[in-house]
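Here are my notes on the model, point by point. Please read them beside the coordinates.

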Amino acid sequence: EASSSRDVVFVAAAANASRAEGPLLSLRLWFACALKAWPRARMIGKADDDVWAQLPAIGVLVRSAANSMHALRVREARRKRWQGDA
């Protein structure tokens, strides 16, 4: 599936990592990989292959997060302009 549909990415995580460290290590590796693979992405997410994702709800959440991020950028730009930082 990874080669045919190109919708799966594997990271080289150590197979001998403990249950306490393994998930965090693989998450860190995933984000490092994603930042290199998609440097212009506004958002990056991750899901394991054994989860059920309710895509409509995820879409609502992502749109809401994008709107919030935009509002924060606008407020920060206004603050900088007001303080003379820009």
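1. Surface. The accessible surface of the protein is about 7,800 Å². Carbon and sulfur atoms hold 58% of that area. Areas come from the Shrake-Rupley method with a 1.4 Å probe; for residues, only the protein chains shown count as cover.

2. Basis. This is a predicted model: local features need pLDDT of at least 70, side-chain atom pairs count only at pLDDT 80 or more, and totals for chains, interfaces and linings use all residues. Residues are numbered from 1 along each chain as its sequence is written, and side-chain values use heavy atoms, with hydrogens and water left out.

3. Confidence. The mean pLDDT (the predictor's confidence in each residue, from 0 to 100) is 85. A score of at least 70 is reached by 95% of the residues. Where pLDDT is low, predicted coordinates should not be read in detail.

4. Secondary structure. The protein has three helices and zero strands. Along the sequence the pattern reads α-α-α. Helices (H or I, at least four residues) and strands (E, at least two) are DSSP runs, numbered from the N terminus.

5. Overall shape. The radius of gyration is 18 Å, whereas a compact globule of 86 residues would come near 12 Å. That radius is taken over C-alpha atoms, and the globule rule is 2.2 Å times the number of residues to the power 0.38. The C-alpha atoms fill a box of roughly 55 × 30 × 25 Å along the principal axes.

6. Of the 86 residues, 6% are buried. The classes are by relative accessible area: buried under 20%, exposed over 50%, partly exposed in between (1.4 Å probe, protein chains only). Take the contacts (heavy atoms within 4.5 Å) with a separation of 6 or more: residues 24 or more positions apart account for 18% of them.

7. Salt bridge. How many salt bridges does the rule count? The count is one, with a side-chain nitrogen of Lys or Arg required within 4 Å of a carboxyl oxygen of Asp or Glu. Arg 79 and Glu 76 form a salt bridge at 2.5 Å, N to O. Both lie in helix H3, three residues apart, about one turn of the helix. Arg 79 is partly exposed at 33% relative accessibility. Glu 76 is partly exposed, also at 33%.

8. Nonpolar patch. Which residues form a nonpolar patch on the surface? They are Met 43, Leu 55, Ile 58 and Val 62, with about 340 Å² of accessible area together. Patch residues have over 30% relative accessible area and no salt bridge; like charges are joined within 9 Å, nonpolar side chains (Val, Leu, Ile, Met, Phe, Trp, Tyr) within 5 Å. Val 62 sits in helix H3 (residues 55-83). Its relative accessibility is 40%, so Val 62 counts as partly exposed.

9. Met 69. This residue is in helix H3. Met 69 is partly exposed, at 30%. Leaving aside neighbours within four places in sequence, Met 69 contacts Arg 42 and Met 43. Its C-alpha lies 20 Å from that of Pro 56, 13 residues apart along the chain.

10. Two further residues. Val 74, in helix H3, is partly exposed at 26%. Val 74 and Phe 10 are 64 residues apart in sequence and 36 Å apart, C-alpha to C-alpha. Leu 24 lies in helix H2 (residues 22-37). With a relative accessible area of 59%, Leu 24 is exposed.
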